[in-house]
Amino acid sequence: MSKVVLSATNLTIGYPRPRHPTRIVAENINLELRAGELVCLLGPNGAGKSTLLRTLSGIATPIAGEVLLGGKDITKLKPTELAKRLGVVLTDRVEAGMLTGYALVALGRHPYTNWSGRLSRQDEQVVRHSIEAVGAVHLAARPITELSDGERQKLMIARALAQEPELLILDEPTAFLDLPRRVDILRTLRKLAYEAERAVLVSTHDLDLALRSADRIWLLPPGGPLTSGAPEDLVLNGSFQQTFYSEGVTFNSESGSFQMVDNWLDQIALVGEGLRAIWTARALERNGFRVIRDKTSTEYLVEVLPNGFWRMTYQEIRQEFQSLYGLIQHLKNLIQL
Amino acid sequence: MKITPTISTPAQPKVEIAELVSEEEVNPWPATGLRRLWLIGFAVLLLAAFALSLILGSVNIPPGDVLTVLLGGTPGRSTWTDIVLKFRLPKALTAMLAGAGLSVSGLQMQTLFSNPLADPFVLGISSGASLGVALVVLSAGAVGLSSLSFLAGLSLLGNIGIVAASSLGSALTLVLVLFVSQRVQSAVTLLILGIMFGYVTGAIVSILLYFSLADRIQAYVAWGFGSFGGVTWSQLQIFAPVIISGLVISYLLIKWLNVLLLGDNYARSLGLELKQARFWIVLSTALLAGSVTAFCGPIGFLGIAVPHLCRALLRSSDHRILMPGVILVGAIVALLADIVAQLPGSGVILPINAVMALLGAPIVSWVILRQRNLKAAFGR
């Protein structure tokens with residue numbers, strides 16, 4: 001097994017408040033992070049994801065327990081030493097003024113350069129490799145003020161990479177990005193974890209993307225403790241359902257996504273195969289119908305026809321539709337009657 | 001030199017472009033070094049402005065005679081030696097040092113507070129100095145403040161007294177600001193406290209003004225106009241080393257200032273010890289701004305405008321590029337403003353602050369507005 005980069009035992013996280021007792025966010029957190037692993041931290045808002053990340057990156061001090069980075073207590077590492085081992089990408093918006101993409105990434109060499117910040121040949125090499133690794137070579141010469149959020153985010157990741165860290169921690173790096181950009185960032189992070197035997201920890205709200213890309217998921221329910229496992233493990237042992245149930249949403253273990261509807265209006269039988277049947281089932285579920293295969297136990301029947309149409313049967317009346325939208329409109333009318 | 005990536009235009013055949021642009025020719029990596037040509041240009045301008053400030057003035061002295069004086073010879077008229085050596089030369093040196101010092105402190109404050117409106121005095125340095133001067137100058141004839149006889153005594157020393165009072169005011173403010181800077185969480189708190197301090201000192205000064213005699217008020221207002229001309233050779237022996245050491249400290253802070261561009265949290269994640277960085281930035285700013293205020297009075301405009309001017313001209317926020325530029329341009333602007341304030345050939349001297357703002361504000365506005373990306377020029 002690859003080596004443990006980051007670990008914590010019996011960790012209590014929280015923050016001190018002036019003139020109030022310390023606020024404890026989560027307790028009994030045990031975790032370890034291995035080299036070459038992409039881990040996604042998931043949890044509802046307010047569960048303490050940010051506090052956990054701040055504690056794991058040495059910004060906040062643990063209330064109890066300790067965080068070990070490369071076997072050393074993170075709070076005892078010198079700032080420069082820590083910066084050489086750990087790169088972070090935060091949610092802070094960077095308004096660095098007139099810098100090129102290259103100059104921005106070059107700031108990541110700060111822990112290595114001398115007093116003037118002059119880049120050695122080797123520093124330049126690392127900066128270039130970092131930019132290449134995130135696929136941002138075309139952004140190197142451009143002023144960062146002209147870049148989109150996604151392009152900036154890539155450069156910020158490259159900047160963290162330029163620190164040559166064993167561990168990358170990213171706080172919601174995909175927030176504000178559209179789907180292609182989100183997939184792109186996650187794919188880049190996976191590559192970074194695998195190719196250089198680096199550990200990558202990402203907090204995200206993007207459940208679907210996390211389920212598909214993470215080697216391991218850390219699930220933090222409000223108050224803790226943290227559950228850890230392969231995404232599929234957590235689906236199978238019901239951790240997802242539990243964590244999000246209290247938040248009033250239902251996690252569907254079959255589809256691996258959230259359910260928009262809690263109470264079924266009725267059952268509906270679906271006949272058909274293939275892609276069109278899958279999406280028909282989704283459309284029906286989205287509108288509150290539980291899809292079953294058994295035609296005998298419900299009055300509603302939907303057939304996916306090979307000619308591209310849908311046929312709906314209700315109380316002996318048959319009707320055909322060109323689109324799912326039309327079918328759903330019809331169903332809604334029926335329910336209201 | 002900035003290397004722009006080659007863009008293929010649809011009008012040209014694509015094959016040809018592929019041949020023209022071999023792999024070695026396209027370098028995607030922009031140069032990060034100093035803008036040498038600009039710096040050489042600034043240096044030449046500085047020399048020219050320095051020469052002009054020795055030649056021009058209320059008395060016309062031919063350039064040849066100025067050179068003769070500088071080389072230790074005897075000029076056409078004997079009074080010219082004194083004019084050049086005792087008046088124009090120290091004044092030009094003072095203007096250069098003050099201009100460089102104020103501009104660098106402005107740059108540091110704008111970066112520390114990531115605020116384009118920050119200037120050298122946001123920390124309250126000039127407020128402290130003005131309070132010191134007000135206490136000395138105004139208390140001399142003030143009603144009911146006779147207990148401050150020590151301060152009143154200082155005012156009798158004239159110029160030296162003002163310098164001492166203002167240095168004392170700046171220094172006490174410096175200690176206060178350093179103390180506070182190590183205790184507050186964020187730089188914004190420091191900024192707000194500095195502004196509040198300014199209000200309090202302003203209030204005390206206006207109360208003092210209210211109870212003062214007309215000629216004392218006149219003296220205080222005259223100090224407020226600012227001047228590079230009042231600094232003697234013996235004062236320069238203190239002023240110059242202080243400014244130069246302030247500039248040296250600032251130069252050593254370049255790397256820290258650069259990571260501060262990313263904001264406090266990122267700076268910390270890159271290994272910067274925020275409190276330590278803040279201490280040294282505040283110290284050098286206070287040294288520079290404090291001593292300029294002490295010797296020349298409160299000089300506005302330079303500190304806020306020169307950093308913006310340099311960012312616009314050099315097209316960079318990188319302090320390795322900006323710092324030398326800001327030092328040179330600050331010195332140039334101060335010299336030029338001083339030359340204009342003399343209204344060469346006439347006996348009139350305009351207040352330096354007024355000249356700088358009247359001529360400088362339109363020029364800086366024009367340069368900044370000319371920027372394609374206005375937002376970028378300010379770093380936000």
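Strand 7 of chain A pairs in the parallel sense with strand 8 (residues 199–203) of chain A, over five bridges. Strands pair if DSSP finds at least two bridges between them; helices (H or I, at least four residues) and strands (E, at least two) are DSSP runs, numbered from the N terminus. This is a predicted model, in which local features need pLDDT of at least 70, side-chain atom pairs count only at pLDDT 80 or more, and totals for chains, interfaces and linings use all residues. Residues are numbered from 1 along each chain as its sequence is written, while chains are lettered from A and ligands numbered from 1 in the order in which they are written.

**Strand 7 of chain A and its neighbours**

- In strand 8 of chain A, A:Val200 is the bridge partner of A:Leu168.
- On strand 6 (residues 86–89) of chain A, the pairing with strand 7 of chain A is also parallel, over four bridges; A:Val89 has A:Leu170 as its bridge partner in strand 7 of chain A.
- Strand 7 of chain A, helix 6 (residues 179–195) of chain A and strand 8 of chain A form a right-handed β-α-β unit. A crossover is right-handed if, with the strands pointing away from the viewer, the path from the first strand over the helix to the second runs clockwise.
- Strand 7 (residues 167–171) of chain A is largely enclosed by the rest of the structure, because five of its five residues are buried. Buried means that 20 or more other C-beta atoms, placed from the backbone, lie within 10 Å of the residue's own.
- A:Leu167, A:Ile169 and A:Asp171 point one way from strand 7 of chain A, and A:Leu168 and A:Leu170 point the other way; all are buried.

**The open antiparallel sheet of chain A**

- Four strands of chain A make an open sheet in the order 2-1-4-5, with antiparallel pairing.
- Its edge strands, strand 2 (20–34) and strand 5 of chain A, each pair on one side only.
- Strand 1 (residues 4–17) and strand 4 (residues 64–69) of chain A run antiparallel and are joined by five bridges, with A:Leu68 in strand 4 of chain A as the bridge partner of A:Ser7.
- Strand 4 of chain A pairs with strand 5 (residues 72–73) of chain A in the antiparallel sense over two bridges. In strand 5 of chain A, A:Lys72 is the bridge partner of A:Leu69, and A:Asp73 is that of A:Leu68.
- The hairpin of strand 4 and strand 5 of chain A has two residues between the strands, and A:Gly70 takes a positive phi near 60° there.

**Domains of chain A**

- An automatic or database domain assignment supplies the bounds: chain A is divided into domain 1 (4–251) and domain 2 (266–336).
- The C-alpha centres of these two domains of chain A lie 44 Å apart.

**Nonpolar cores**

- The largest nonpolar core has 178 residues, of which B:Ile332 and B:Leu335 touch the most other members. Such a core is a set of buried Ala, Val, Leu, Ile, Met, Phe, Trp, Tyr and Cys residues joined through C-beta atoms within 7 Å.
- Helix 15 (residues 319–341) of chain B gives the most to this core, with 16 residues.
- Apart from this core lies another, of ten residues, among them A:Leu284, A:Phe289, A:Val302 and A:Val304.

**Contact between the chains**

- The contact takes 32 residues from chain A and 34 residues from chain B. Residues are in contact if their C-beta atoms, placed from the backbone, lie within 7 Å.
- On the side of chain B that touches chain A, two or more residues each come from helix 11 (254–260), helix 12 (264–269) and helix 17 (374–378) of chain B. Helix 11 of chain B gives the most, with four residues.

Terms used. Contact = placed C-beta atoms within 7 Å. Buried ≥ 20, exposed ≤ 12 C-beta atoms within 10 Å, placed from the backbone.
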